[in-house]
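Me: Could you walk me through reading a structure like this one, feature by feature?

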Amino acid sequence: MNKPGQKRALLVHSDMEILSNLQTALLREGFVAIVARDLSSALLAITQHQFQLAAVFADLGEPGAGWPLAGVLRLAFPRAFVCVLEQSELQLAGVQSAINYGVQQIYRQTTPIAELVSTLLSDSQRSGGQ
Amino acid sequence: MIKSSNSRVSHPDPTTRPFHLLLVDDESSVLQTLRMVLENEGYQVMTAESCAQALTLLQKDSSFDGVITDLNMEEEDIGLEVARIALQTKPRPVVIVLTGFASLANSRQALDLGIDYMAHKPVELSDLLPALSRLVSRRRESDSQ
């Protein structure tokens with residue numbers, strides 16, 4: 001249960017260690033972070049909570065499978081900041097998927113967690129996503 | 001060049017006023033064909049044949065609900081300038097960029113600007129029209145909230 005006014009984030013990734021590190025870093029920034037390791041858990045979380053921020057792994061289960069979920073999150077929570085984590089160097093196809101799914105930003109998941117969360121929160125505030 | 005499609009697309013809601021679009025492309029044939037297609041879909045379309053002309057129209061008239069612009073016109077990637085100015089308009093229009101010359105750099109710029117959709121040339125109407133319709137519906141919903 002989160003406190004009134006506390007912001008909620010949804011983190012979707014198949015790697016539990018990455019989820020846990022992101023969750024801890026976001027907790028420090030005042031977020032309650034709900035984690036999901038697969039599509040069905042993420043969809044269940046969407047039906048149960050409101051989110052102000054969401055980060056989805058692009059290759060959830062299979063290459064590119066995270067993009068449609070990110071698009072669903074943007075539709076479900078139009079005021080939320082939705083970003084995608086990419087495993088490799090940014091590719092043209094990834095950037096265009098981000099635009100066309102309405103995702104606000106893409107980050108490399110190899111970025112150190114503290115830097116990733118700091119950039120993510122700063123981009124989120126700039127886009128009015130919180 | 002525009003590719004036609006047999007797939008059905010949803011039309012803008014006829015009970016509301018027509019969605020007012022600014023269409024920008026320096027290829028006259030693309031401009032006129034897309035204009036015809038979009039008007040046939042129920043949109044009200046104004047055209048510009050250059051970035052400069054588009055910027056003049058955007059400064060004069062802030063009532064555009066959507067802006068569809070080519071990327072390369074007078075200069076490479078100049079369509080991003082049309083997109084940037086359009087995105088500063090209040091209320092913010094839906095912004096779509098059409099390009100046959102997408103690169104990581106210009107796509108990244110488009111993402112950072114916050115454009116709503118990027119379509120490849122030759123334009124696939126089966127992609128563009130549903131995307132436009134979806135974005136229009138979303139905009140109408142957010143306007144009514």
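Me: What should I know before I start?

Reply: This is a predicted model, in which local features need pLDDT of at least 70, side-chain atom pairs count only at pLDDT 80 or more, and totals for chains, interfaces and linings use all residues. Residues are numbered from 1 along each chain as its sequence is written, while chains are lettered from A and ligands numbered from 1 in the order in which they are written.

Me: How many helices and strands does chain B have?

Reply: Helices (H or I, at least four residues) and strands (E, at least two) are DSSP runs, numbered from the N terminus. Chain B has five helices and seven strands, and from the N terminus on they run β-β-α-β-α-β-α-β-α-β-β-α.

Me: Which residues of β4(B) point one way, and which the other way?

Reply: In a regular strand the side chains alternate between the two faces of the sheet. Here G66(B), I68(B) and D70(B) point one way from β4(B), V67(B) and T69(B) point the other way, and all are buried. Buried means that 20 or more other C-beta atoms, placed from the backbone, lie within 10 Å of the residue's own; exposed means 12 or fewer, and partly exposed is in between. Because five of the five residues of β4(B) (residues 66-70) are buried, the strand is largely enclosed by the rest of the structure. For the chain as a whole, buried residues make up 37% of the 145 residues in chain B.

Me: Which strands pair with β4(B)?

Reply: Strands of a sheet pair through backbone hydrogen bonds, either parallel or antiparallel. Two strands count as paired if DSSP finds at least two bridges between them. β2(B) (residues 20-24) runs parallel to β4(B), joined by four bridges, and V24(B) stands opposite T69(B). β5(B) (residues 94-99) also pairs with β4(B) in the parallel sense, over five bridges; there V67(B) has V95(B) as its bridge partner.

Me: How are α3(B) and α4(B) packed?

Reply: Axes are lines fitted to C-alpha atoms, for helices over the stretch in contact, and angles run from 0 to 180 degrees between N-to-C directions. α3(B) (residues 79-88) and α4(B) (residues 104-113) pack at an angle of about 5 degrees, with their axes 10 Å apart. That makes α3(B) roughly parallel to α4(B), given that angles under 35 degrees count as roughly parallel, over 145 as roughly antiparallel, 65 to 115 as roughly perpendicular and the rest as oblique. The contact (C-beta atoms, placed from the backbone, within 7 Å) is made by L80(B), A83(B), R84(B) and L87(B) of α3(B) and N106(B), Q109(B), A110(B) and L113(B) of α4(B).

Me: What is the strand order in the sheet of chain A?

Reply: The open sheet of five strands has the order β2-β1-β3-β4-β5 (chain A), with parallel pairing. β2(A) (31-36) and β5(A) (105-108) stand at the edges with a single partner strand each, so one side of each is left without a neighbour in the sheet. The twist averages 20 degrees from one strand to the next. β1(A) (residues 7-12) pairs with β2(A) over six bridges, and L11(A) stands opposite V35(A).

Me: How many residues does each chain give to the contact?

Reply: Chain A gives eight residues and chain B eleven residues. The side of chain A has six nonpolar, two polar and no charged residues, where Ala, Val, Leu, Ile, Met, Phe, Trp, Tyr, Cys and Pro count as nonpolar, Asp, Glu, Lys and Arg as charged, and the others, Gly among them, as polar.

Technical notes:
A crossover is right-handed if, with the strands pointing away from the viewer, the path from the first strand over the helix to the second runs clockwise. Two residues are in contact if their C-beta atoms, placed from the backbone, lie within 7 Å.
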